[in-house]
Structure formats: structure tokens, C-alpha cells
Amino acid sequence: MHQLSKEKTSAIEEVKERIMRQTMEAIIYEGMINIDKNEREWSFSGKNVFGEDIRYSCLADEKWSFGRIKIEKQSIKRGGEKCTDLYLFLEEVILNGLKGELTSQFVDELLETLAKDTQSKQYQLDQIPEQDKHYEALESHMVDGHPYHPSYKSRIGFSLKDNAAYGPEFNQKVAVYWVAVNKQLAAISISREISVDELLHAHLSKEDRQRFSDVMKDKGCPDKEYVMIPVHPWQMEHKLQSLFIQQIIDKDIVILGTGSSLYRPQQSIRSLSHRSNAEASYMKFPLSITNTSTSRILAQHTTQNAPMISDWLHAIIQNDPLLQAEKFAILRETLGLSLQYDKLSAIQYGRAYGTLGAIFRENVSAYLEANEEAWPLNAVTHVQKNGELFIQPAIDQHGIEAWSDALINVVITPIIHLLYAHGIALESHAQNIILVVENNLPKRIIVKDLHDGVRYTADHLLHPEWAPSLHPEPESHRKFNRYSFIQAESASDVRDYTYDAFFFICMTEISFTLEQLGVSEQDFWAKCVKTIIDYQKRHPEYKERFAAFDLFSEDALIEEMTKRRIFGDGDLFFRKVKNPLRESLR
């Protein structure tokens with residue numbers, strides 16, 4: 001008992017320090033606080049309850065990678081003494097120092113992150129076991145959350161009991177509810193190459209189907225046709241039964257119960273993988289919680305666009321010699337299910353929008369060859385509880401130069417080819433990229449989560465005639481999420497989507513990890529530039545497009561994610577930063 005208590009104290013202190021450090025890195029980087037610099041010692045002011053200035057300091061560096069700020073661990077001080085009081089720090093530096101409309105809410109998100117991450121630390125294994133070094137299990141071991149966003153594990157709406165039941169770190173067995181929805185109220189979109197029955201067969205046993213059929217005979221309406229939709233158990237318990245009480249009474253929605261299949265939460269929380277059927281589709285659900293920067297609903301237009309976007313991208317890949325040579329693939333989203341919210345009353349529409357639906361996504365096993373393994377790309381940056389990098393054995397086996405060269409080439413090449421050749425940007429942060437390795441050496445990538453993670457302009461598509469006619473975002477959706485759109489206004493907007501998600505977050509975090517293994521930031525970005533330049537030399541036919549989607553530009557923009565949390569979505573928060581791709585050309 002004493003040992004457990006000691007571990008909890010250690011965990012909470014570790015999490016408090018990370019929250020303070022990551023928050024300071026973000027608000028300094030996004031220009032929300034004045035800093036006095038004396039070489040590596042940086043100081044800033046907070047205000048105590050009496051309005052008096054309180055001096056804080058830290059040891060910090062402005063990195064080569066986009067000028068990102070990195071604060072040395074355990075270096076934040078208050079009045080010359082090591083600062084360990086997160087609550088005082090949040091009061092003096094954030095609440096009393098930042099005057100945003102949502103500052104208090106932001107503090108709540110940080111405190112929820114403290115609770116959720118401290119809880120998860122209790123369950124983190126010292127080292128990832130060998131039997132878990134496969135994609136589905138590795139998703140559960142990626143416990144770190146967003147590397148830049150301060151409220152990296154807020155999960156607003158989850159209690160600690162919910163977090164333990166549904167958080168990926170806890171690897172609990174999750175049973176999924178199923179509901180029957182009046183076909184007149186349902187919206188269905190499906191890939192050209194598959195049937196609904198084929199998809200559902202992998203998730204529902206013969207006994208499940210019989211049991212649900214018996215429930216329908218007892219509770220349903222014989223005059224109505226129904227569509228079956230899976231529901232995350234948290235959403236069922238906390239939202240659906242109250243939001244749709246009228247539809248349940250009217251038998252437009254019939255709750256069938258849970259299926260016999262059990263699932264594993266993936267690191268995005270709301271996506272689940274089947275535990276016993278290694279080929280079954282992953283299922284993505286709406287969860288009415290807020291995590292990091294957004295509410296985790298599934299808007300109707302995204303569920304309906306998902307198969308169309310996947311079919312479109314799949315056709316591009318199948319007809320592109322370079323992508324075929326790279327063996328690049330996507331996990332296609334083959335089925336999208338949703339309620340038709342516009343058939344609800346206005347007041348119910350506002351409360352229920354995006355809360356009922358699902359997207360079925362292909363299983364990674366469909367794309368793996370013999371001797372290949374799949375890792376979430378953020379496994380590359382993952383530090384295990386024992387302090388060892390997950391990739392250390394691979395580095396020991398192949399050497400840092402060969403391994404880093406292989407990684408940079410296989411990750412960058414298909415992403416920039418889609419951008420340059422096809423005019424398409426993907427939201428390619430590390431959680432959305434799957435690294436395929438053979439004998440521990442990077443071989444190729446697979447990309448997922450595409451229903452609202454694509455951006456393009458019709459004028460710059462290589463084959464505009466192939467583009468699908470997508471369902472537009474409703475005006476109500478644009479009002480509360482101005483960052484969620486697919487068709488951009490300019491080529492630079494498309495470029496910035498790749499620049500921000502892929503280079504600014506994903507590749508920068510990889511550079512910080514490889515720096516620990518002997519690859520300097522400058523060398524890392526020089527390798528990236530060489531990969532891009534070599535590509536451009538091999539494909540002079542796209543010369544004009546290299547200028548339109550200029551990755552070496554001075555005007556590339558990144559999103560100010562923390563400023564958005566503090567000041568809200570009334571404005572779009574983007575800023576120009578030092579571009580390491582441009583700097584490495586010199």
C-alpha cells in the first residue's frame with residue numbers, strides 16, 4: 001500500500017511538471033506572454049492574488065525546428081525556488097496573466113489533464129511486452145497524448161471511472177451497443193466495393209442477429225424499415241437515451257443491446273478495434289467529449305463524405321506509378337452512418353447534432369505483407385516508462401544514419417507527391433500515419449482518418465474530373481468549427497495543411513527524438529530537404545506546382561492551437577514562423 005502511494009505521488013508530480021512546461025512552451029511560442037532572455041535563462045511575470053508581480057524563470061531554448069520552444073525539465077522556478085505548485089502557477093501565470101474569453105475554461109482543461117494523465121500513469125507498464133508489438137496493442141501503449149497541446153489529455157466529459165473504462169491506456173474490453181434507426185431518419189454512404197451486410201458480419205454473430213431480431217419483434221414497429229448503427233457505450237449511457245427520448249418512444253430508434261464482440265480503444269479514444277477478429281473493420285464513433293482542441297462529434301456530412309473521399313483517394317493511388325512503387329496505402333473508410341439531423345426540430349437539432357453515427361475503417365491487416373509489422377508513427381517518439389525509446393532496438397540493429405534516412409524517405413515522399421502532383425494535402429500528423437517496418441527498418445506508410453482530414457482546391461487537382469461531389473458543411477457546423485473544411489480557397493492554404501500537421505508537429509517531434517540519438521536538428525532538416533529536392537529533380541514535369549505549393553516559402557502558416565483554446569474560435573489564429581526547410585536550403 002505504501003509503495004502504491006509513493007508511485008501515485010511520483011506520477012502526479014511528473015504530470016504537473018509536464019503541464020507547466022508544455023503550457024509555457026506554447027504560450028511563449030504563440031506570443032501570449034512577455035519574456036526576458038539572458039542566454040538560456042528566460043524569465044516572465046505572474047501576478048499573485050494582490051496584483052503583485054511574481055518572477056518566474058526557466059531554462060529554455062529556441063529550436064532550429066520552426067523556432068519551437070523547449071524548456072528544460074524541472075527548470076521552472078518561482079521567485080528563485082523550484083516551482084512544484086501547479087495550482088499556484090495556473091492562478092498567477094494563466095488566470096491572472098492571460099485575459100482571454102476562455103481562460104478559466106482552459107485552466108479547467110489543464111486540471112482535467114492532470115487528473116486523467118495521473119490516473120493513466122498508474123497503469124503504464126515499465127516496458128512494452130514483445131507480444132504487444134503489433135499495431136492494435138501499440139495503439140494502447142501510446143499514452144503520451146499531444147506533444148504540443150497543453151491540455152493533451154483533458155477528455156472533458158469523462159469521469160475518472162469513464163476514463164479507466166474507455167481510455168486506450170487502460171486496455172479494457174469494450175462492448176458496443178447497437179440501435180435500429182428508422183430508415184427515413186438515417187443517412188447511409190458506402191464504398192462502391194462493399195456491402196453493409198458484409199461489413200456488419202464481422203461484428204455481429206449469428207446469435208447477436210437473432211437476439212436483435214427478437215428485440216425488434218418486441219419493441220419495433222412492423223411498418224418501418226430500420227438501419228442498424230453501432231453506438232459507443234459511453235455515448236449510449238450519457239447522451240443518446242436522453243437526447244432521443246422522443247424517437248425512442250415513437251419507435252424511430254430502438255435500442256437493441258450490446259453485441260457479443262469485444263473491442264480495444266485506439267489512441268484516438270473514439271475508434272475501436274475488434275479483439276478477436278483481426279480482419280474486422282475499425283469503428284469510429286461520436287463521443288460528446290472535448291479532448292485537446294475540439295469536440296469529438298461526427299458530423300453528418302463527414303460520415304457521408306467518408307466513403308466518397310476514400311474511393312477517390314484509392315483510385316488516385318491505384319493509378320499513380322510512384323505511389324504504387326512506394327506501396328503507399330490508405331485505410332479506406334468504407335461505410336458512413338448517421339442520423340439525418342435536419343429532420344429534427346430546431347431545438348433538438350442543436351443538442352443532438354453529430355451525436356449518433358459511425359464510420360467503418362479498413363483494418364491495417366488488409367495491407368500488410370509477410371514479414372511486415374505496423375507501428376503508429378508516434379511510436380518513433382515514444383519513451384517507455386523505463387526511460388528507453390521504443391525504437392532503440394531498431395537503431396541498435398541498423399544504425400542511426402541508415403534508420404533515420406529510411407524513415408525520412410518513406411514518410412516524406414508520398415506526402416509531398418500527393419501535394420505536388422495531385423494538389424492534395426492530408427492531415428498527416430503522427431496519430432494518422434502508420435509506419436510499416438520490415439526487420440525493424442522503415443519500409444512505407446499507410447494513412448488513415450480521411451473523412452475530414454483532406455484539403456484541396458478544385459483548380460489545382462491533377463485530375464479534377466475524378467473529384468467526388470462532396471456533401472457541404474452546413475452553416476451551423478462552420479459557425480462552431482471554422483477549422484473544419486475540405487475545399488480550400490488557395491494553393492497556399494492547401495500547402496499550409498501539410499506544412500502544419502506534418503512538418504510542424506509530426507516531423508518536428510521526430511527530429512527532437514532523433515536528436516537524442518545523434519542526428520542534430522540541422523542534419524535532420526537537411527535530410528528532409530534532400531528528400532524533397534531529389535523528388536523535384538526526378539519530377540520536373542511538376543515544376544510549376546512546386547512553386548504553387550512552396551514548402552520552402554517564408555509565408556507558410558501554422559495554427560496557434562493554444563491561443564484558440566484561450567480566445568475561442570471567433571477568429572482564426574495562424575502565424576508565420578521560421579521555416580526549417582527554407583533555412584536548410586542555405
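The domain bounds used on this tour come from an automatic or database domain assignment. Keep in mind, too, that you're looking at a predicted model.

**Stop 1: the domains.** Colour residues 1-99 as domain 1, 173-361 as domain 2 and 369-584 as domain 3. Now look at domain 1 and domain 2 together: their centres, taken over C-alpha atoms, are 42 Å apart.

**Stop 2: helix α1.** Select residues 2-29, which make up helix α1, and pick out Arg21 within it. Is Arg21 buried or exposed? With a relative accessible area of 12%, Arg21 falls under the 20% cut-off and so counts as buried. Show what surrounds it: setting aside residues up to four places away in sequence, Arg21 touches Ile71, Glu72, Lys73 and Ile76.

Stop 3: Take Cys58: the nearest cysteine sulfur belongs to Cys83, 11 Å away. Cys58 is buried, at a relative accessible area of 3%. Jump over to Cys221 and you'll find a partly exposed residue, with 21% relative accessibility.

**Stop 4: helix α10.** Select residues 300-318, the 19 residues of helix α10. From first C-alpha to last, α10 reaches 28 Å, close to the 27 Å expected at 1.5 Å a residue. Where does α10 kink? Zoom in on Ala306, where there is a kink of about 35°, shortly before Pro307. Then bring back the rest of the model around the helix: 16 of the 19 residues of α10 are buried, so the rest of the structure largely encloses it.

**Stop 5: the largest nonpolar core.** In soluble globular proteins, nonpolar side chains tend to be buried together. Here the largest nonpolar core has 114 residues, and Phe503 and Met507 have the most contacts inside it. Which helix gives this core its largest share? Select residues 400-422: that's helix α14, which supplies 13 residues.

Now centre on Met507 and show its side chain. Leaving aside neighbours within four places in sequence, Met507 is in contact with Ile408, Val411, Ile412, Phe502, Phe524, Trp525 and Cys528.

Methods:
Residues numbered from 1 in each chain as written. Predicted model: local features only at pLDDT ≥ 70, side-chain atom pairs only at ≥ 80, totals over all residues. Heavy atoms only, no water. Core = buried A, V, L, I, M, F, W, Y, C linked by side-chain atoms within 4.5 Å. Buried < 20%, exposed > 50% of the residue type's maximum accessible area, 1.4 Å probe, protein only. Helix = DSSP H or I, 4+ residues; strand = E, 2+ residues; numbered from the N terminus. Contact = heavy atoms within 4.5 Å. Expected span 1.5 Å × (residues − 1). Bend = angle between axes of the 7 residues up to and from the residue. Disulfide = S-S within 2.5 Å.
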